[in-house]
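Subject: Handing over the two-chain model

Dear colleague,

I am passing on the structure that we spoke about, and below it you will find what came out of a careful look through it. Please read the notes with the structure open beside them.

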Amino acid sequence: MSDPRELYQQVILEHNKKPRNFGDLDTCTHQAHGLNPLCGDDITLKLVVEDGIVQDIRFQGHGCAISKASSSLMTVNVKGKPVADAQVLVDQFRAMIRGTLDTATDANVLGRLSLFQGVKDLPSRVKCAVLPWATLHSALEGVETVSTE
Amino acid sequence: MSTVTPLDVARVREDFPTLTTPFHGKPVIYLDSAVSNLVPTPVVARMAHYQSYEHTNVHRGVSTLSQEATDRFEEAREKVRAFINAPSTRQVIWTRGTTEAINLVAQTFGRQKVHAGDEILLSAMEHHANIVPWQLLAEERGATIKVIPMNDDGELLLDELDGLLTDRTRILAVTHVSNVMGTINPVKEIIRRAHAKGVPVLVDGAQSVPHLPVDVQDLDADFFVFSGHKLSGPTGIGVLYGRLELLEAMPPWQGGGSMILSVTWEKTTFIGLPGKFEAGTPAIAQAIGLGAAIDYVQALGLDNIAAHEHELLVYATERLRAIPGLRIIGNAKAKASVLSFVLDGIHPHDIGSILDHDGIVVRAGHHCAQPLMKRLGLPATTRASLSYFSTRADVDALVAGILKCQEIFQ
């Protein structure tokens, strides 16, 4: 990343300020708690999955702009989608952050999530971007607490 | 009171290649001495010289080389003794750092004194290193942790102290200087009150020795602990000072070579202080390095360092306070040069990343003090810590970096 402005683009700043699907769900079928003990980022994710479809998803917690925007955009991208599609997004998002998937040249379904590609050049922030996705993966796998350490 | 001479900071900075060598193409503005201070070249050179020409094991064998390595190692202990004005080098125990020193006390003195129903008194602003070892002990013993509260400025409420010191309190462990807020706690007064109730006190000096002259006898501390690396020494070395009669009555902690008088299958007897607590080969080069770091800061003058850092703290506080949307966390009347702050609408990790891009090194996070963060109602802060090599230009760069964060996040 040559300039922090490349990462902190308007979409990320806007989702940080007004996160979508932020809050609690009274009832849910899946949930997980994600923690980044190094920096204290903390996310609780709840989902309603019916007939293999993510009918509803909400997150709560606190974290930096990267983790909050990543959480917000994640919920927007998996809501209403089949669980199998959500899992593909989890895999592709992680591959993008690891640097094994280049959204400019490799086939992918990440769409606007490719905004986070710059995080791969900031090793100290990788965990911030990945935390919601690791939490989603755990929720879908039935693991209730996940740590990025 | 000695007179204060201004530090020749430009000269001092030449001793720190980190400050004079571009890193990833940019000069480094190091405002993170509270996490670990930079090590000046004379200290590095002293350790390299030891390792290259003088090294072998200590307290072993009859070779001249071994005797001289032992002498250098013990000279470093004497430097620490004089630095904190301990009565004797027998009361200066090498540890890996502050954390290990506190664990040592908790697991020896603590296990001797703390039993079911007893109380351990801590303060609201402790580092995890001065919380977790006591929690482990309390859990093992069925004891309770109690906490001296603080006000919103980050000052301990001493009015509450007498009520918290009960006939079940077995030890009070308190930090000298808060690693998050810079608060200088009135430990001498705290110790006086604890002793009036017969309670021994451990002082965590990790953040005080880099900023203030410390006299353990004047403080009347029962235990005083600190790390080498916050004092411009290497990592892997720290110090436990203890009152003689307490150390003598404490059982050994780790067992092994060096700390024994004789070993048979039936019974082992132990040597006296300080070796009783120093099992195994110690961190020899690191101890000698810490001795060299003490020489270095003493040559600059502890009072001169304190005056320089205080002047910079006042300047930094004024400049930061003038930034709209910035709130300084910790406004104690007595403060060391540690400045935590939060910015409206911008998380500390984002601030840390943006500052990092301009080569400004700060700490962003919970600072290993999660109970304090909870008390403050914050998940994290950004912390700038100023050292004797810091300058007004460093503070100006920090201010410019903060304004840039606000511009990006506007």
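A residue is called buried here if 20 or more other C-beta atoms lie within 10 Å of its own. By that count, buried residues make up 50% of the 410 residues in chain B, and 43% of the 149 residues of chain A. Please keep in mind throughout that this is a predicted model.

To begin with chain A, its secondary structure comes to 5 helices and 4 strands, which follow one another along the sequence in the pattern α-α-β-β-β-α-α-α-β. Its C-alpha trace spans about 45 × 35 × 30 Å along the principal axes. A compact globule of 149 residues would have a radius of gyration near 15 Å, and the 14 Å of chain A agrees with this. Of the contacts in chain A with a separation of 6 or more, 61% are between residues 24 or more positions apart.

Chain B has 15 helices and 15 strands, and its C-alpha atoms fill a box of roughly 75 × 55 × 40 Å along the principal axes. For its 410 residues the compact-globule expectation is a radius of gyration near 22 Å, and chain B has 22 Å, which agrees. Residues 24 or more positions apart account for 71% of the contacts in chain B with a separation of 6 or more.

Chain B is divided into domain 1 (9-30 + 301-408) and domain 2 (45-298), and the C-alpha centres of these domains lie 28 Å apart. Where the domains touch, 24 residues from domain 1 of chain B and 23 residues from domain 2 of chain B take part. On the side of domain 1 of chain B that touches domain 2 of chain B, the elements that give two or more residues are α12 (302-321), β12 (338-343), α14 (370-376) and β15 (381-385) of chain B; the largest share of that side, 5 residues, comes from α12(B).

The largest nonpolar core has 123 residues, of which V201(B) and V239(B) touch the most other members. Helix α11 (residues 284-300) of chain B gives the largest share of this core, 10 residues. Because domain 1 and domain 2 of chain B both give residues to this core, it lies between them. Leaving aside residues up to four places away in sequence, V201(B) touches L172(B), V174(B), I190(B), I191(B), A194(B), A221(B) and D222(B). Apart from this core lies another, of 38 residues, with I43(A), L89(A), I97(A) and L131(A) among them.

The 21 residues of helix α4 (residues 64-84) of chain B should span 30 Å at 1.5 Å a residue, and the end C-alpha atoms are 31 Å apart, which agrees. Its buried residues are A69(B), F73(B), A76(B), R77(B), K79(B), V80(B), F83(B) and I84(B). Seen down the axis of α4(B), these fall within an arc of 150°, so they line one face of the helix. They pack against α3 (41-54), β2 (92-95), α9 (216-219), β7 (223-227), β8 (238-242) and α11 of chain B. The face of α4(B) turned away from its buried side carries the exposed residues T64(B) and D71(B), and just after the helix N85(B) takes a positive phi of about 55°.

With best wishes

Conventions:
Residues numbered from 1 in each chain as written. Chains lettered and ligands numbered in written order. Predicted model: local features only at pLDDT ≥ 70, side-chain atom pairs only at ≥ 80, totals over all residues. Core = buried A, V, L, I, M, F, W, Y, C linked by C-beta atoms within 7 Å. Buried ≥ 20, exposed ≤ 12 C-beta atoms within 10 Å, placed from the backbone. Domains from an automatic or database assignment. Contact = placed C-beta atoms within 7 Å. Expected span 1.5 Å × (residues − 1). Arc of directions from axis to C-beta. Rg over C-alpha atoms; globule rule 2.2 N^0.38 Å.
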